[in-house]
Amino acid sequence: MPNYTLAYTLARVALIGGLFFLSSTSVVSGQETYTWNAIFADYQLDSVQGVRLETHYRTKDFWGGQQQFILRPSYVRKINSQVTISGGYSFLNTEKQAVFLEEHNVWQQIFYTIPLKKSTFFGWLRVEERWIENTASEFDFGGRLRVRFGWRKPISGLGKKFEFMAFNEVFMFTKNLFPHTFNQNWTFLGFRAVLSPKATLVSGYQRIHQDKQGVILEKNLWSSILFIRL
């Protein structure tokens, strides 16, 4: 497909999605809206192992300033064509009631893909050990389990480089290494576009359903991740 055709299609999808996002959040009161932008930079050490650096920036409203910043280096190892394991460290700086608090965590993950006839099923299981700063400048320890299930399918007429993409991810606090309490749920609907052999864009609408000490908070995001290979 010619590059200008792909660019035009991406522009149309982004415009329609952005208008839907703004219109849907404007009619629902008491909910929070964000944008979440990230760059994932991958470097292959050899045919089976590599390193990744993730940089995330989330706004406090659609056009606002920083609500959260994440820096996440990791090591990635390919087990076979369908299974990858990884692990790393995350630094988070998050605004909570006009104060920025830190989180440091280490995590381990199994990622898998299951090719189907005309689509791809994917998912991950991630375990986190977290040290979260409180307002007394002390750190509380906790564990969390994240389980994601997703699906991708090429959009008819646009070739294999442009796919519809959806996923749902459940977060559970752990106790004695086992899932114990619901934390939040993410639902994503958008697209995945291969821009070049070394760049892929994932962008779309994301809904977060979060339990904040017994109060349910709904968050609406327009989320975009650019994956690049160095």
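A salt bridge is a side-chain nitrogen of Lys or Arg within 4 Å of a carboxyl oxygen of Asp or Glu. Keep that in mind for this predicted model. E128 forms such a bridge with R146, and the closest N and O atoms are 3.1 Å apart. The two residues sit in distant parts of the chain: E128 is in strand β6, R146 is in strand β7, and 18 residues separate them.

Now step back to the whole chain. The protein chain has 1 helix and 11 strands. Of the 230 residues, 39% are buried. A search of the whole structure finds 10 salt bridges.

Return to E128. This residue also forms a salt bridge with R144, with the closest N and O atoms 2.8 Å apart. R144 lies in strand β7 and E128 in strand β6, so this pair ties together parts that are 16 residues apart in sequence. Is E128 buried or exposed? E128 counts as buried because its relative accessibility is 2%, and buried means under 20%. R146 is buried too, at 5%.

Next comes R148, which forms a salt bridge with E169. Their closest N and O atoms are 2.6 Å apart. R148 is in strand β7 and E169 is in strand β8, so the pair ties together parts 21 residues apart in sequence. Both are buried. Salt bridges with shared partners join E128, R144, R146, R148 and E169 into one network.

Finally, look at R130, in strand β6. R130 is buried, at 9% relative accessibility. A polar contact of 2.8 Å joins its side chain to that of E103. R130 also touches other residues, including R144 and F173.

How values were computed: Residues numbered from 1 in each chain as written. Predicted model: local features only at pLDDT ≥ 70, side-chain atom pairs only at ≥ 80, totals over all residues. Heavy atoms only, no water. Helix = DSSP H or I, 4+ residues; strand = E, 2+ residues; numbered from the N terminus. Buried < 20%, exposed > 50% of the residue type's maximum accessible area, 1.4 Å probe, protein only. Polar contact = N/O pair within 3.5 Å; in protein donor to acceptor, adjacent residues only side chain to side chain. Contact = heavy atoms within 4.5 Å. Lists of a residue's contacts leave out its neighbours within four places in sequence.
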